[in-house]
Structure formats: C-alpha cells, structure tokens
Amino acid sequence: MADSLFAPGFKARPWWWEAAEPPLRDNSLPDHTAVAIVGGGYAGLSAALTLRRLGHEVTVFDAERIGWGASSRNGGMVSGGLKVASGDLAARYGAQRAGEIAAACGASLPFIEETIAREAIDCDYVRCGRFVGAWSPAHYDDLARNADRVASMSGMPTRMVPKAEQRSCLGSDFYHGGMQADATGSLHPGKYARGLAAAAERAGVLLVDQVRVAGIARDGSGFRIATNRGELRADAVLTATNGYSRGPGGASAMPWLARRLVPLASYIIATEELPQEVIDRLFPERRMISESRRVLNYFRPSPDGRRVLWGGRASFRQVDAVTAAPTLHQRMTEVFPELNGTQITHAWNGNVAFTFDHLPHIGVEQGVHYAAGCQGSGVAMATWLGHNVALKMAGAANTPFALDDLPFPTRPFYNGDPWWVLPFIGNYYRARDYMDRAFG
Ligand SMILES: Cc1cc2nc3c(=O)[nH]c(=O)nc-3n(C[C@H](O)[C@H](O)[C@H](O)COP(=O)(O)OP(=O)(O)OC[C@H]3O[C@@H](n4cnc5c(N)ncnc54)[C@H](O)[C@@H]3O)c2cc1C
C-alpha cells in the first residue's frame with residue numbers, strides 16, 4: 001500500500017470533469033415556455049432535442065448545471081438493457097408483453113449509437129463489449145443460462161468464458177469465469193452530456209442552470225411552475241430528475257414520482273496514470289467489466305487508456321466520495337493485486353434511481369410527464385426514455401412504447417427517502433454475496 005492512498009493534487013470530483021466539466025450558463029428564466037423540462041441529464045436533453053426537432057419551443061432547467069447529475073458522473077458503460085434481461089418479466093407480464101418490454105430496452109443501444117452519429121458528438125464512443133465476471137461457480141451457471149436471452153434481446157452475440165480462459169479478456173483470476181456480451185459500448189460521459197446539450201442548443205433549445213423547480217401546479221390548460229428564481233408558465237411539463245428527484249430537505253418537483261424511485265449512491269475512483277503495459281495486461285480487450293454479485297463493482301480503463309476507473313456501491317450510508325474511496329481501492333486490489341501501491345487522483349459519487357418493479361418508466365401523472373428509473377444503467381436507456389417520452393408528449397409516436405404507462409408501484413409510507421433503511425438492505429445483500437462465494 002502506498003504511504004497515502006490519495007495522490008498529490010487529489011480531487012474529490014469526477015475525473016470526467018477534467019475534460020468536460022458542465023459549464024455554468026448565464027441564461028435568464030423566461031416567463032413562459034411551451035415545454036418545460038425539469039432536469040438537464042441525458043433524459044431531459046434527449047427529450048428536448050426530439051421535441052425541438054418536432055417544432056416545439058423547449059426550455060430545460062437544472063437545479064445545478066445542465067449535465068451536473070449522474071449524466072456527467074457515471075462509468076460510461078453503454079448497454080442495452082442487460083439488467084432487465086435477468087428479471088423474470090414473463091412471469092409478471094406474460095410472454096408477449098415481456099418480449100415487448102425486453103425489445104424496448106434492447107433498442108436503447110442502437111438509438112444512442114444513432115444519436116451520437118447523427119449529432120456528431122465527440123465522446124470517445126467505442127463498441128467494445130463487456131465481460132461480466134462470475135462471483136461463484138453457481139453464478140457462472142446462472143450467467144450461462146441467461147446468455148441466450150441476453151443475446152436474443154440485444155441481437156448480438158454472448159459467449160461464456162471459462163475460468164481457464166479468463167485472462168484472455170481480464171488480467172485477473174478473481175472470477176470463476178464469466179460472460180462476454182457484445183452489445184455494450186463505452187464513452188466519456190462528461191463529453192456525451194456536453195455534446196447532447198450542445199446539440200439541443202444548436203437545435204434551438206433554451207438551457208437554464210441553477211433553477212430548482214419547487215412545485216408544478218395546473219393552471220387552466222397549462223401549468224404554473226414555482227422555482228427558486230421565480231414563477232413561470234408552461235403548456236406542458238416533463239420531469240426528468242431521476243436519482244435527484246428528492247431534493248434538499250425532501251423538496252421535490254414531483255413528489256408522486258419521488259415516491260416511486262429509490263435513489264442510491266454509486267461511487268467511482270480514478271487511479272493515477274499507469275504504464276501502458278499494465279493497462280494492456282489488465283484489460284487485454286479493452287472491454288467494460290462488471291460482476292454477477294449483488295453489491296457489484298464495475299470497472300474499465302479510461303478512454304485514453306491510461307487509468308483504471310473503478311466504481312461500485314461502496315456504502316449504503318450517505319457518506320462522501322473521499323470516505324468511500326478506500327473501500328473501492330481495497331476491492332480494486334482484491335481483483336488486481338498488482339495495483340496495491342497505486343494512488344487515487346479522483347473520487348466522486350452520484351445518484352442512480354431504482355424502481356420497485358426494476359423497470360424504467362415513462363408516463364404521465366396529473367398532466368405532468370415523467371421519464372425515470374434506469375436501475376443504475378441509464379446512459380443508453382435515459383437517452384432512449386427521453387426520446388420516447390418526447391414522442392408521446394408531441395403525439396408523434398408511430399408505435400406503442402412498451403415502457404409507457406406501465407403500473408408504477410410505490411410502497412406504503414414510502415416518501416422517497418430510503419437512506420434510513422438502505423444499510424440494512426445493503427448488509428442483507430452483502431451477506432448473500434458472502435454465502436454465494438463461500439458455498440456457491
Ligand atoms: C457513479 C455512477 C455510475 C454510473 N455508471 C453507469 C454506467 O456505467 N452505465 C450506465 O448505463 N449507467 C450508469 N449510471 C447511471 C446513469 O448515469 C443514469 O441512469 C443516467 O445518467 C440518468 O440520466 P437522467 O437524465 O435520468 O438523470 P441525471 O443525469 O441524474 O439528471 C437529473 C438532473 O435533474 C436535476 N434536478 C433534480 N431535481 C431538480 C429540480 N427540482 N429542479 C431542477 N432540476 C432538478 C439534477 O440537478 C440533475 O442534474 C451511473 C450513475 C452513477 C451516479
């Protein structure tokens with residue numbers, strides 16, 4: 001272990017922001033807008049772009065800065081609904097509906113690829129594939145049972161890699177083999193958020209920073225929107241606040257939505273620059289890596305191929321990124337012992353949003369549209385949800401979207417604040433992971 005885990009000049013903010021920190025725009029709040037979008041992440045920006053291209057006047061507000069939330073903090077792994085494939089959709093919705101939902105999720109990957117190409121977004125996108133490491137031999141068997149489903153949903157191959165061949169795709173013996181899935185890409189999330197915002201602005205969308213929406217009320221055929229910078233009117237409203245839907249002091253633009261989302265913090269560290277041969281050894285195929293365990297890690301080389309970016313649910317308490325960093329570093333060295341003396345230059349965190357039915361949702365409640373709940377896998381999905389909710393708002397959808405207006409469950413007495421219960425749930429999942437590893 002190095003003398004200090006933290007390199008000189010360490011920063012508690014996203015490494016992505018070195019190249020693409022969300023800028024502060026000095027735009028004023030209009031008195032009226034045709035469409036008001038609350039939340040300037042991928043979902044809000046993608047919706048804005050689609051609505052604008054359909055001829056609507058659109059304003060996007062963010063409580064902080066456009067792109068400030070999960071959209072400029074994530075791991076940059078771009079997948080098309082892998083998490084949904086593992087859920088037992090058919091039992092809940094019947095085979096046909098389950099197939100439609102799976103197809104709707106799978107379509108998010110081609111859509112984001114098309115968006116990046118169409119808008120010429122410079123965000124280091126590569127279709128690199130993923131390796132999901134099996135936490136135990138039984139998890140390997142589960143992955144193998146699921147592999148065909150993942151392949152048919154994405155329309156791209158999967159391949160099981162036994163432990164003996166694991167070093168062909170990952171420089172570690174930590175896992176019991178794993179599954180390669182081709183339907184995964186990688187990008188620089190900060191550059192993608194910046195590029196999507198620039199595309200929306202080029203199309204004529206107004207982006208306004210530091211406007212926290214405190215309430216949305218019906219007003220005739222439109223809406224009155226209360227914000228920290230005064231009130232405005234809008235003909236239509238979309239809430240795209242995802243893991244930040246419950247703001248400081250429990251305030252929320254749309255309490256109905258906050259009660260249906262479970263915000264969870266995800267943490268990432270960036271290592272100092274490493275020699276090229278080390279990165280080549282750890283990531284021989286430059287794939288994105290995740291794991292089959294419940295409290296999982298996800299990791300990758302940085303787009304410039306010089307660092308390891310290591311992410312995971314380091315804590316189920318509300319701790320800051322610096323406090324969480326040693327846990328992530330320890331997990332990294334369990335998988336890559338040769339990184340034992342490596343220092344951390346950046347550590348950060350952000351909020352993702354889970355739902356009680358484990359599905360993403362778009363819909364409308366009391367006239368206010370929403371798009372949310374990507375289960376921590378929303379680079380492609382949030383972009384796709386935003387586009388689809390925009391088509392719905394504009395009445396321009398040619399075909400039904402399977403994630404539209406599904407029943408959206410909450411729980412009795414749940415107010416959108418799960419933080420008091422998360423440590424118990426986290427310990428339960430950790431215990432199950434421990435048992436699986438020890439006895440699986
Ligand atoms: C650390 C981390 C790692 C991740 N890794 C991956 C990954 O590798 N691959 C993947 O697919 N997904 C990943 N995700 C998830 C992915 O980043 C999100 O699903 C996606 O960015 C969600 O986009 P969004 O637009 O819905 O929300 P966000 O980008 O979170 O945007 C919501 C915005 O709403 C604003 N807001 C909230 N309340 C208000 C209000 N009242 N008024 C105005 N504005 C408001 C917030 O300031 C915020 O900017 C990760 C997330 C995190 C945090």
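A search of the whole structure, which is a predicted model, identified 3 cavities of 30 Å³ or more. A cavity is here a set of points, on a 1 Å grid over the protein atoms alone, where a 1.4 Å probe fits but cannot get out. Grid points are joined across faces, edges and corners, and a volume is the space filled by probe spheres set on the points. The second largest cavity holds about 40 Å³ of space. Its lining (residues with an atom within 4 Å of a point) consists of Asn-242, Gly-243, Tyr-244, Ser-245, Arg-246, Ala-258, Leu-261, Pro-263 and Gly-416. By class, this lining of the second largest cavity comprises 4 nonpolar, 4 polar and 1 charged residues; Ala, Val, Leu, Ile, Met, Phe, Trp, Tyr, Cys and Pro count as nonpolar, Asp, Glu, Lys and Arg as charged, and the others, Gly among them, as polar.

Residues are numbered from 1 along each chain as its sequence is written. Local features need pLDDT of at least 70 and side-chain atom pairs pLDDT 80 or more, whereas totals for chains, interfaces and linings use all residues, and side-chain values use heavy atoms, without hydrogens and water.

Helices (H or I, at least four residues) and strands (E, at least two) are DSSP runs, numbered from the N terminus. Helix 5 (residues 95-106) packs against helix 6 (residues 108-118) at an angle of about 25°, with the axes 5 Å apart. Axes are lines fitted to C-alpha atoms, for helices over the stretch in contact, and angles run from 0 to 180 degrees between N-to-C directions. The two helices, helix 5 and helix 6, are therefore roughly parallel (an angle under 35 degrees). In their contact (heavy atoms within 4.5 Å), Ala-104, Cys-105 and Gly-106 of helix 5 meet Ser-108, Leu-109 and Pro-110 of helix 6.

Helix 6 also packs against helix 12 (residues 379-394), at about 80° and with the axes 8 Å apart. Helix 6 is thus roughly perpendicular to helix 12 (65 to 115 degrees). The contact of helix 6 with helix 12 has 7 nonpolar, 4 polar and no charged residues.

An open sheet of 9 strands has the order 1-17-13-16-15-14-5-7-6, with mixed pairing; two strands pair if DSSP finds at least two bridges between them. Strand 1 (6-11) and strand 6 (158-161) form the edges, each pairing on one side only. Within the sheet, neighbouring strands are turned by 25° against each other on average, direction ignored. Strand 14 (residues 288-291) and strand 15 (residues 297-301) run antiparallel and are joined by 2 bridges. Ser-290 stands opposite Tyr-298 in strand 15.

Notes
Parallel < 35°, antiparallel > 145°, perpendicular 65-115°, else oblique. 1 Å grid on protein atoms, 1.4 Å probe; cavity = no way out; pocket = protein on both sides within 12 Å on 5 of 7 lines; lining within 4 Å.
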